[in-house]
Amino acid sequence: MDKQERLQKVIAQSGVTSRRKAEKLIEEGKVKVNGKVVSELGVKVSANDNIEVNNIPLEKEESVYYMLYKPRGVISSVKDDKGRKVVLDFLPAIEQRVYPIGRLDYDTSGIILLTNDGEFAQLLMHPSHEIDKVYVTKVKGIPTKEALKQLKKGVQVDGDKLKAVNIQILSTDRTKNTAIIELTLHQGKNRQVRRMFENINYPVMKLKRERYSFLTLEGLQPGEFRELTRHEVSQLKQVAAKSK
Ligand code: URA
């Protein structure tokens, strides 16, 4: 017999939308299975069923997972109105519609994951899942121990409590009055590292994400990508599920 999966999961995996939005679409009566509207959650479907979302048949896409070493000066989105380079420009032409999991700022370099698996993306981005994101930053000034302690305790910025899980100075340059700092975040708020250091008056000059959970940039140069192995994908799912 064919494997049965929940309807919202199948929709999310097809890359159309997230699982939560799929649930909403189902409840709104916008999803059909074999020509009939299904508006309650929990219905299971198999590969043989015909699913339509907003009257458009779902194409069953194979899930793909990439990691990219995003260079600086690149937008973390699928396209840009102003014609600037986007992360997708660095991937090969593939039929799947992939998108980045979360964002790195235009001027931030480092590791970013891309996929067409909506459920996987949601799982990793959910704030309660506490995935380690390790950044290395160069800041103006040499922060005191006290200042760094503040970032570990958490600083209030524009209504967000922004906090580092770990933070340490890697090196300092007294002549140039700069410091290189490594910090680990679990949160993924907009411009989080920059806002945290602005708050303690040591502005970020350079920022790179060096690690995402157990994944590092080893073997990649800026602008290069690789596919994640199946083992890495299932490990990431486990990491996210464990820290729920
Ligand atoms: N924090 C930032 O400030 N920018 C990023 O791109 C990522 C984390």
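## Basis

The model is predicted, and local features need pLDDT of at least 70, side-chain atom pairs count only at pLDDT 80 or more, and totals for chains, interfaces and linings use all residues. Residues are numbered from 1 along each chain as its sequence is written, and side-chain values use heavy atoms, with hydrogens and water left out.

## Overall make-up

The protein chain contains six helices and 17 strands. Helices (H or I, at least four residues) and strands (E, at least two) are DSSP runs numbered from the N terminus. Along the principal axes, the C-alpha atoms fill a box of roughly 70 × 35 × 35 Å.

Of the 244 residues in the protein chain, 44% are buried. Buried means under 20% relative accessible area, exposed means over 50%, and partly exposed lies in between (1.4 Å probe, protein chains only). The areas come from the Shrake-Rupley method with a 1.4 Å probe, and for residues only the protein chains shown count as cover.

## Salt bridges

There are 13 salt bridges in the structure, each defined by a side-chain nitrogen of Lys or Arg within 4 Å of a carboxyl oxygen of Asp or Glu. One of them joins D80 and R84 at 2.9 Å, N to O; R84 is partly exposed at 32% relative accessible area.

Another joins R194 and D105 at 2.7 Å, N to O. R194 lies in helix α5 (residues 192-199) and D105 in the loop between β8 and β9 (109-115), so this bridge ties together parts that are 89 residues apart in sequence. R194 is buried at 12% relative accessibility, whereas D105 is partly exposed at 22%.

Helix α5 also holds R195, whose partner D160 is in strand β12, 35 residues apart. The N to O distance of the D160 and R195 bridge is 2.9 Å. Salt bridges with shared partners join D158, D160, K189 and R195 into one network. R195 counts as buried, with 10% relative accessibility.

## Aromatic pairs

Two aromatic pairs are present. Rings of Phe, Tyr and Trp (its six-membered ring) pair if their centres lie within 6.5 Å; planes under 30 degrees apart count as stacked, over 60 as edge-to-face and the rest as tilted.

The ring centres of Y65 and F120 are 4.9 Å apart with planes at 75°, so the pair is edge-to-face. Y65 lies in strand β7 and F120 in helix α3 (residues 118-125), so parts that are 55 residues apart in sequence are tied together. Both Y65 and F120 are buried. Y66 and F225 form an edge-to-face pair, at 5.7 Å centre to centre and 75° between the planes. This pair links Y66 in strand β7 to F225 in strand β17 (residues 225-227), 159 residues apart. Y66 is buried at 4% relative accessible area, while F225 is partly exposed at 30%.

## Charged patches

E59, E62, E95 and E227 form a patch of negative charge on the surface. Such patches are made of residues with over 30% relative accessible area and no salt bridge, with like charges joined within 9 Å. Lys and Arg count as positive and Asp and Glu as negative, without His and the chain ends; a charge is placed at NZ of Lys, CZ of Arg, CG of Asp or CD of Glu. E95 sits in the loop between β7 (65-70) and β8 (99-100) and is exposed at 73% relative accessibility.

A patch of positive charge on the surface gathers K152, K153, K161 and K163. K163 belongs to the loop between β12 (160-162) and β13 (166-173) and is partly exposed, at 39% relative accessible area.

Note on methods. Patches are made of residues with over 30% relative accessible area and no salt bridge: like charges are joined within 9 Å, nonpolar side chains (Val, Leu, Ile, Met, Phe, Trp, Tyr) within 5 Å.
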